[in-house]
Amino acid sequence: KYSIQELVEKSLEPLRISMELKEQNVIVNITDVNLLIDLEWTVESLSNIIKNAYEHTPKGGTIEIASLDTPIYTELSIKDNGCGISKKDLPHIFERFYKSEKSSENSIGIGLALAKTIIEKERGYIKVESEVGKGTKFEIKYLK
């Protein structure tokens with residue numbers, strides 16, 4: 001069992017300086033709940049999702065990380081006000097090696113696929129909602 005607070009902090013750590021340089025606002029609103037996870041792999045998956053938000057959110061944009069704890073599941077959401085994902089790309093973003101037109105030059109298209117695999121191996125699931133020009137929201141739910 002690991003604290004969701006620790007998970008989020010470790011996931012944000014490698015991106016903090018880049019986010020500051022890009023003047024992005026990171027809002028963390030989480031309850032301190034424990035999750036039954038492999039911490040290092042889950043940090044990898046969450047970092048991939050946060051990195052995706054960072055890359056597609058403009059200078060001065062906002063990334064919000066929030067949690068919700070219910071008797072059935074614990075939810076972690078990552079929401080940005082970036083460029084959004086097109087309807088054409090949305091069904092494919094969790095496919096290995098899939099790259100949208102807006103992917104960074106260094107992307108090889110495995111980050112979100114890996115994140116989904118890790119989350120599902122830990123009895124969780126992930127979904128995404130997005131609107132071009134308004135942003136994207138990833139929701140991760142871990143069943144209890």
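Arg123 counts as exposed, because its relative accessibility of 52% lies above the 50% cut-off. In this predicted model, Arg123 is placed in the loop between helix 4 and strand 6 (124-131). Between Arg123 and Glu20 there are 34 Å in space, C-alpha to C-alpha, and the two are 103 residues apart in sequence.

Ile72 is likewise exposed, with a relative accessible area of 59%. Its position is the loop between strand 4 (62-69) and strand 5 (73-80). Together with Tyr125 and Leu143, Ile72 forms a nonpolar patch on the surface, with about 300 Å² of accessible area for the three together.

Helix 3 (residues 39-55) packs with helix 4 (residues 111-121) at an angle of about 140°, and their axes are 8 Å apart. That angle makes helix 3 oblique to helix 4, and the crossing of these helices is left-handed.

The salt bridges come to a count of 10. The table gives three of them.

| Salt bridge | N to O distance |
|---|---|
| Glu55 and Lys51 | 2.8 Å |
| Glu75 and Lys141 | 3.6 Å |
| Glu120 and Lys116 | 2.8 Å |

The pair of Glu75 in strand 5 and Lys141 in strand 7 (residues 135-143) links distant parts of the chain, 66 residues apart. Both Glu75 and Lys141 are buried.

Glu55 and Lys51 both belong to helix 3, 4 residues apart, about one turn of the helix. Glu55 is partly exposed at 30% relative accessibility, and Lys51 is partly exposed at 40%.

In helix 4, Glu120 and Lys116 are also 4 residues apart, about one turn of the helix. Glu120 is partly exposed, with a relative accessible area of 40%, and Lys116 is partly exposed with 24%. Elsewhere, salt bridges with shared partners join Lys127, Glu129, Lys137 and Glu139 into one network.

Key
Residues numbered from 1 in each chain as written. Predicted model: local features only at pLDDT ≥ 70, side-chain atom pairs only at ≥ 80, totals over all residues. Heavy atoms only, no water. Patch = residues over 30% accessible without salt bridge, like charges linked within 9 Å, V, L, I, M, F, W, Y side chains within 5 Å. Areas by Shrake-Rupley, 256 points an atom, 1.4 Å probe, with all protein chains shown as cover. Salt bridge = Lys/Arg side-chain N within 4 Å of Asp/Glu carboxyl O. Helix = DSSP H or I, 4+ residues; strand = E, 2+ residues; numbered from the N terminus. Buried < 20%, exposed > 50% of the residue type's maximum accessible area, 1.4 Å probe, protein only. Axes fitted to C-alpha atoms, helices over the stretch in contact; angles between N-to-C directions. Parallel < 35°, antiparallel > 145°, perpendicular 65-115°, else oblique. Left-handed = near helix turned anticlockwise from the far one by under 90°.
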